[in-house]
Amino acid sequence: MEEESVWLLPRSIERRDGGGPVWIRQGAVGDVGCVVWDAAIVLAKYLETDAFRLRGGEGERSCLRGRRVLELGAGTGAVGLVAASCGAYVTLTDLPQFMDLIETNIKDNSALLKGRAQAKVLEWGKSIEEFLPHPDYILMADCIYYEQSLEPLVRTLGALSGPNTLVICCYEERTAGRNPLIQSRFIQLIEQEFEVEKIPVENHDQEFCSDDINILHLRKLCN
């Protein structure tokens, strides 16, 4: 009873293959990373769309199967666990205080994973040596919150990304306070190192989409 009291009601993410939902526990206390935000659901469902699969040239086969995936600011691990359910080998990264929550969600969903998932601490702006070689995909959902974290985040993205890495960034446009300035600054910084492609809403999942939630594909610029 005491253990259950630390969790909020879990959120479920239905999977397209019909193999049962991914269940994500949420923390009752803690920072913004303890809950599943709408952008995480939008990104998770985008990974199952025909539009995304066909970009990988895989037809009906998931283009995540067997690929190395790293999620930044994973929080609950929702996005990365959906990727692992599609067959990816996923490393879910965040700060130390989120490791218990991520590991719990990995354990709860282990039977659904066609790939595998592990949790590791990664602080933006610090060494990324243990996460090399460069992953095939980097996923990030709603990581653009704090102004002071923008430059470390972009440095980490640059260091983690190789010439064949695709970064998929999803975020909700927020109008309160300094949010518009923070999001604009992120785009300015990212365009210095990456080619930025905004994915049209019609290529998002048809049910889990919103005009104020953006999905960007980022590829490192050739020097």
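Helices (H or I, at least four residues) and strands (E, at least two) are DSSP runs, numbered from the N terminus. Residues are numbered from 1 along each chain as its sequence is written, and side-chain values use heavy atoms, with hydrogens and water left out. The model is predicted: local features need pLDDT of at least 70, side-chain atom pairs count only at pLDDT 80 or more, and totals for chains, interfaces and linings use all residues.

**Exercise 1. Describe the open sheet and its edges.**

Step 1. Two strands pair if DSSP finds at least two bridges between them. The sheet has seven strands in the order S5-S4-S3-S6-S7-S9-S8, with mixed pairing.

Step 2. Strand S5 (116-121) and strand S8 (194-198) pair on one side only, which makes them the edge strands.

Step 3. From one strand to the next the twist averages 20°.

Step 4. Within the sheet, strand S3 (residues 68-72) and strand S4 (residues 89-94) are parallel and share four bridges. Glu71 has Leu92 in S4 as its bridge partner.

**Exercise 2. Characterise the packing of H5 with H6.**

Step 1. The axes of H5 and helix H6 (residues 179-190) are 10 Å apart, at an angle of about 30°.

Step 2. On the H5 side the contact involves Leu150, Glu151, Leu153, Val154 and Leu157; on the H6 side, Ile182, Arg185, Phe186, Leu189 and Ile190.

Step 3. Ala, Val, Leu, Ile, Met, Phe, Trp, Tyr, Cys and Pro count as nonpolar, Asp, Glu, Lys and Arg as charged, and the others, Gly among them, as polar. The contact of H5 with H6 then divides into eight nonpolar, no polar and two charged residues.

**Exercise 3. Which strands each supply at least two residues of the lining of the second largest pocket?**

Step 1. On a 1 Å grid over the protein atoms alone, a pocket is an open set of points where a 1.4 Å probe fits, with protein on both sides within 12 Å along at least five of seven lines; lining residues have an atom within 4 Å of a point.

Step 2. The strands are S3, S4 and S5. The largest share, four residues, comes from S5.

Step 3. Of the 14 lining residues, Arg68, Tyr89, Val90, Thr91 and Gln118 are the closest to the centre of this pocket.

How values were computed:
Axes fitted to C-alpha atoms, helices over the stretch in contact; angles between N-to-C directions. Contact = heavy atoms within 4.5 Å.
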